[in-house]
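This report goes through a few loop residues and several helices, one at a time. The sequence and the structure come next.

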Amino acid sequence: MSRASRSDPMKGGGRVTGGLEHFADVGGGVTLAYERLGDGGTPLLLVAGLGQQLHDWPDGLCALLVARGYDVIRFDNRDVGKSTHFGFPPPGPLDFLRKRWHTAQYDLSDMAADAVGLLDALELSTAHLVGMSLGGMIAQTVAARYPARVASLTSIMSTTGAARVGRPALSTWRLMFGRPAGTRTEHIERTVRMYRHIRSHGYPFDEQAVRTAAATTWDRDPHPAPGVGRQLAGILKSGDRTAELAAVTAPTLILHGDRDLMVHPTGGTVTARAIAGARLHTLPGLGHDLPVGVRPMLTDLIDTHIRTARSTDAPRR
């Protein structure tokens, strides 16, 4: 049964075109903001990364996927954007060091349940999942815990939570744990500084696009730092998920860049090893962003993977 909220004029499986924002009750007291792009087609759920909002899946990439016949759904994870925010205080630096979490702290299994709840609200029995960074971890967890709901899995610039692999560079940690931005302007400048640091190499850096996206992030969710802190705690609380990923039965594609300073490329390697039959594709020059120049290639890789999964209809173990 659909759990689309009263705020959403399109109930259940109704089509939503034009990028209009809607809201769905996904259970557990959580409401997710989402957009549905395209005019029907094969359901494709895009899961965003740490602190990212639905618009961080760029319009241009979404348009390319829609043109391939996909019903593209992008959403705000819990604690960011216009989705439900939690009221307990985020962990501080010492809490992260000691791995001491608030009693209400959620983990990746809770965020995976949110994604499945969104599929329920949209009356979608299955979907192809594409997740980047934290979104890749969430998508992996959905595939491991809800195998019947995942037609295929594409995990981009992500990892398993295993120790000593897939970790941010020390220089990236320093930027992540700076004092939270207090104003819109400060947030934009810090976002530009971070993306200039983790950017891809060999592709032009579109500073104006980063500024525009950062402004949209602040306008949709002023002072986003507490939610980002709780999301990061959710990753660390989940620990090493390597054993759990052995349960993934969906055809799996792992995409990772060789210049990633946020999630070291070893994260992609160990994820591919953890999932039976997974295919690893390394993108030269790709960092921890989605520059315009790489989007056609990403579209081709995702589309080919999904079409192969559909044509082979790989049996589930």
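## H55 and its surroundings

The side chains of H55 and T217 are joined by a polar contact of 3.0 Å. The model is a predicted one, and this distance, like the others below, is computed from it. H55 sits in the loop that runs between strand 3 (42-47) and helix 1 (59-67).

H55 has a relative accessibility of 16% and therefore counts as buried, the limit for that class being under 20%. Apart from neighbours within four places in sequence, the residues in contact with H55 are R74, A213, T216, T217 and R220.

## S158 in a loop

S158 belongs to the loop between strand 6 (150-156) and helix 5 (170-176). Its relative accessibility is 3%, so S158 is classed as buried.

Two polar contacts involve the side chain of S158. One is to the backbone oxygen of S133, at 2.8 Å. In the other, a polar atom of the S158 side chain lies 3.2 Å from the backbone nitrogen of M137. Leaving out residues up to four places away in sequence, S158 touches S133, G136, M137, Q140, H256, V263, G267, G268 and T271.

## Helix 3 against helix 4

M137 also takes part in the contact between helix 3 and helix 4. Two packed helices are described by the angle between their axes and the distance between the axes. For helix 3 (residues 108-121) and helix 4 (residues 134-145), the axes come within 8 Å and cross at roughly 75 degrees. The two helices are therefore roughly perpendicular to each other, since angles of 65 to 115 degrees fall in that class.

From helix 3, the residues in the contact are L108, S109, M111, A112, A115 and V116; they meet L134, M137, I138, T141, V142 and R145 of helix 4. Sorted by class, this contact holds nine nonpolar, two polar and one charged residues.

## Helix 8

How far apart are the end C-alpha atoms of helix 8 (residues 225-238)? They are 20 Å apart, which agrees with the 20 Å that its 14 residues should span at 1.5 Å a residue. Directly after helix 8 comes G239, with a positive phi near 65 degrees.

The buried residues of helix 8 are G227, G229, R230, Q231, L232, A233, G234 and I235. These buried residues pack against helix 2 (93-98), helix 3, helix 4 and helix 5.

Helix 11 (residues 295-312) has 18 residues, which should span 26 Å at 1.5 Å a residue; its end C-alpha atoms are 26 Å apart, in agreement. Its buried residues are R295, L298, T299, L301, I302, D303, H305, I306 and A309.

V292 lies in the loop between strand 8 (279-283) and helix 11. Is V292 buried or exposed? With 54% relative accessibility, V292 counts as exposed, because the class begins over 50%. The C-alpha atoms of V292 and T183 are 28 Å apart in space, while the two residues are 109 residues apart in sequence.

## P93 in helix 2

P93 is part of helix 2. The relative accessible area of P93 is 65%, so this residue is exposed. Between P93 and H128, which are 35 residues apart along the chain, the C-alpha separation is 36 Å.

Definitions and conventions
Residues are numbered from 1 along each chain as its sequence is written. This is a predicted model: local features need pLDDT of at least 70, side-chain atom pairs count only at pLDDT 80 or more; totals for chains, interfaces and linings use all residues. Side-chain values use heavy atoms; hydrogens and water are left out. Helices (H or I, at least four residues) and strands (E, at least two) are DSSP runs, numbered from the N terminus. Buried means under 20% relative accessible area, exposed over 50%, partly exposed in between (1.4 Å probe, protein chains only). A polar contact is a pair of N or O atoms within 3.5 Å; within protein, one must be able to donate a hydrogen and the other to accept it, and residues adjacent in sequence count only if both atoms are side-chain atoms. Contact means heavy atoms within 4.5 Å. Axes are lines fitted to C-alpha atoms, for helices over the stretch in contact, and angles run from 0 to 180 degrees between N-to-C directions. Angles under 35 degrees count as roughly parallel, over 145 as roughly antiparallel, 65 to 115 as roughly perpendicular and the rest as oblique. Ala, Val, Leu, Ile, Met, Phe, Trp, Tyr, Cys and Pro count as nonpolar, Asp, Glu, Lys and Arg as charged, and the others, Gly among them, as polar. The expected span of a helix is 1.5 Å times one less than its number of residues.
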